[in-house]
Amino acid sequence: MGAVAPSRELVESAIGLAYLFYERGVDPPDCVVPGLDGSVNLEWQEPGGIYTEVEVVRPLYAEVMRIEPGQPAKHWALPTE
């Protein structure tokens with residue numbers, strides 16, 4: 001359907017990030033899906049309408065968005081400086 005497949009290096013990076021989250025006690029994502037541009041998206045839907053998305057856009061780099069009801073969306077990148 002025209003979507004770009006994620007590279008092997010990007011998929012390995014997403015798996016590594018998932019293991020890091022696991023080691024730090026983060027619940028597994030509710031959903032993992034490929035992006036249309038070759039990214040890998042990890043998504044969490046938490047009680048109370050909280051939504052978090054981690055989009056691995058290149059090896060060893062991800063963009064995070066967290067939405068909480070009644071609050072503006074928060075955005076940051078991983079790794080953080």
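Which residue forms a salt bridge with Arg-66, and how far apart are the closest N and O atoms? Some notes from going through the model, starting there.

1. The answer is Glu-68, with the closest N and O atoms 3.3 Å from each other. Keep in mind that this is a predicted model.

2. Arg-66 has another partner too: its side chain meets that of Glu-46 in a salt bridge, at 3.1 Å from N to O. That pair ties together distant parts of the chain, with Arg-66 in strand 4 (residues 61–67) and Glu-46 in strand 2, 20 residues apart.

3. Then follow Glu-68 onwards. Its side chain also meets Lys-74 in a salt bridge, this time at 3.8 Å, N to O. Put together, Glu-46, Arg-66, Glu-68 and Lys-74 are linked in a network of salt bridges. For the structure as a whole, the count of salt bridges is 4.

4. How covered are the network residues? Arg-66 has 21% relative accessibility, so it counts as partly exposed; the cut-off for buried is under 20%. Glu-68 is partly exposed as well, at 25%, and Glu-46 falls in that class at 30%. Lys-74, with a relative accessible area of 42%, is again partly exposed.

5. Leaving aside residues up to four places away in sequence, Asn-41 touches a run of Cys-31, Val-32, Val-33, Pro-34 and Gly-35, plus Glu-53, Val-54 and Glu-55.

6. On the surface, check the nonpolar patch formed by Val-11, Ile-15, Tyr-19 and Tyr-22, which together have about 450 Å² of accessible area. Ile-15 sits in helix 1 (residues 8–23) and is partly exposed, given its relative accessibility of 44%.

7. Now the overall fold. There is 1 helix and there are 5 strands, in the order α-β-β-β-β-β along the sequence. Of the contacts between residues at least 6 apart in sequence, 25% join residues at least 24 apart.

8. Finally, dimensions and surface. The C-alpha trace spans about 35 × 30 × 25 Å along its principal axes. Buried residues make up 27% of the 81. The accessible surface comes to about 5800 Å², and carbon and sulfur atoms account for 58% of that.

Methods. Residues are numbered from 1 along each chain as its sequence is written. This is a predicted model: local features need pLDDT of at least 70, side-chain atom pairs count only at pLDDT 80 or more; totals for chains, interfaces and linings use all residues. Side-chain values use heavy atoms; hydrogens and water are left out. Contact means heavy atoms within 4.5 Å. Patches are made of residues with over 30% relative accessible area and no salt bridge: like charges are joined within 9 Å, nonpolar side chains (Val, Leu, Ile, Met, Phe, Trp, Tyr) within 5 Å. Accessible areas come from the Shrake-Rupley method with a 1.4 Å probe; for residues, only the protein chains shown count as cover. Helices (H or I, at least four residues) and strands (E, at least two) are DSSP runs, numbered from the N terminus. Buried means under 20% relative accessible area, exposed over 50%, partly exposed in between (1.4 Å probe, protein chains only).
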